[in-house]
Amino acid sequence: MSDSSQPFKEMWSNLQTLVNRQLEEALDQSGDCPPILKEAMSYSLSAGGKRLRPILVLLSCEACGGDQSTALPAACAIEMVHTYSLIHDDLPAMDDDELRRGLPTSHIKFGEANAILAGDALLTRAFELLANQIEVKSCAAACCVDLANAAGAVGMVGGQVADLESEHLENPTLEILEAIHKRKTGRLICSALTMGARIGGADPATLKNLERYGTCIGLAFQITDDLLDLTGDEEKMGKGVRKDADHGKLTYPSLIGVEESRRRSQNLIEEACLSIAPLGSHGQRLEELAHFILERDH
């Protein structure tokens, strides 16, 4: 259990260290895995990052009365799915990025074929972890459904397709933009919360509240990403900036302006915090995390 008196940034750093250590162990595979594949998987998975999604799994589990250690398999699984999505997003056929987390992207380092296969391997390893390492098998099955639904055709992948199609829209609307990002970004964040809550033994009402919290912070996170792409520092971001406008991407600032985007993200964070108010003091860390999303600079 985390110490509620511990400063938020210190708590975050400690959980990042825990997740990073667990990810290294989760990736350890038998000698049957080709060395180049294991290296490519490890390269992207261990390249750093905020570890937002796995930390959400752990905090959600704890907020529902569970032990964080029981949620570590789900925390690792969702970070593997997230990392796979980044590897594939960076490919020339997608966003065509050469830098990720301050390092050459996977396809630059290992070639396109190995990057694609490393992403595939991380995706499948994620579900192996959920099925094998969550002790209560009914809960493991529910988590597999949560994560598959969030990552698949009606979730992240579907959102990515809609995002690509949005580049050619003549009359984009805010409703179209939010529908894209509820799938592309929000669904995986919601899955982090619901998996953690299931493992922590949450009742249906709490699951619903945490799902609403996830929807709100997911949209706020995306708005902040859009703003950082426009105004952020490339060195802090660890990737290229100001690329969305060059690619004609539909973003919150391009559609509603910078100030309205900031106002909207603030309102979403307030709504997120209201949705977890029934958790009382158990939701303290989740509330702090919501405000961190607004304040981040990378």
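This is a predicted model: local features need pLDDT of at least 70, side-chain atom pairs count only at pLDDT 80 or more; totals for chains, interfaces and linings use all residues.

What radius of gyration does the chain have, and what would a compact globule have? A compact globule with 298 residues would have a radius of gyration near 19 Å, and the chain, which has 18 Å, therefore agrees with that expectation. Along its principal axes, the C-alpha trace spans about 50 × 50 × 35 Å.

The division between interior and surface can be read next. Of the 298 residues of the chain, 51% count as buried, while the accessible surface comes to about 13,300 Å², with 52% of that area belonging to carbon and sulfur atoms.

For a local view, turn to helix H13, residues 258–275, and helix H14, residues 284–295, which pack at an angle of about 175° with their axes 9 Å apart. Because angles over 145 degrees count as roughly antiparallel, H13 is roughly antiparallel to H14. On the H13 side the contact is made by Ser265, Gln266, Ile269 and Cys273, and on the H14 side by Glu287, Ala290, His291, Ile293 and Leu294. Sorted by class, the contact of H13 with H14 has 5 nonpolar, 3 polar and 1 charged residues.

Notes. Residues are numbered from 1 along each chain as its sequence is written. Side-chain values use heavy atoms; hydrogens and water are left out. Axes are lines fitted to C-alpha atoms, for helices over the stretch in contact, and angles run from 0 to 180 degrees between N-to-C directions. Helices (H or I, at least four residues) and strands (E, at least two) are DSSP runs, numbered from the N terminus. Angles under 35 degrees count as roughly parallel, over 145 as roughly antiparallel, 65 to 115 as roughly perpendicular and the rest as oblique. Contact means heavy atoms within 4.5 Å. Ala, Val, Leu, Ile, Met, Phe, Trp, Tyr, Cys and Pro count as nonpolar, Asp, Glu, Lys and Arg as charged, and the others, Gly among them, as polar. The radius of gyration is taken over C-alpha atoms; the globule rule is 2.2 Å times the number of residues to the power 0.38. Buried means under 20% relative accessible area, exposed over 50%, partly exposed in between (1.4 Å probe, protein chains only). Accessible areas come from the Shrake-Rupley method with a 1.4 Å probe; for residues, only the protein chains shown count as cover.
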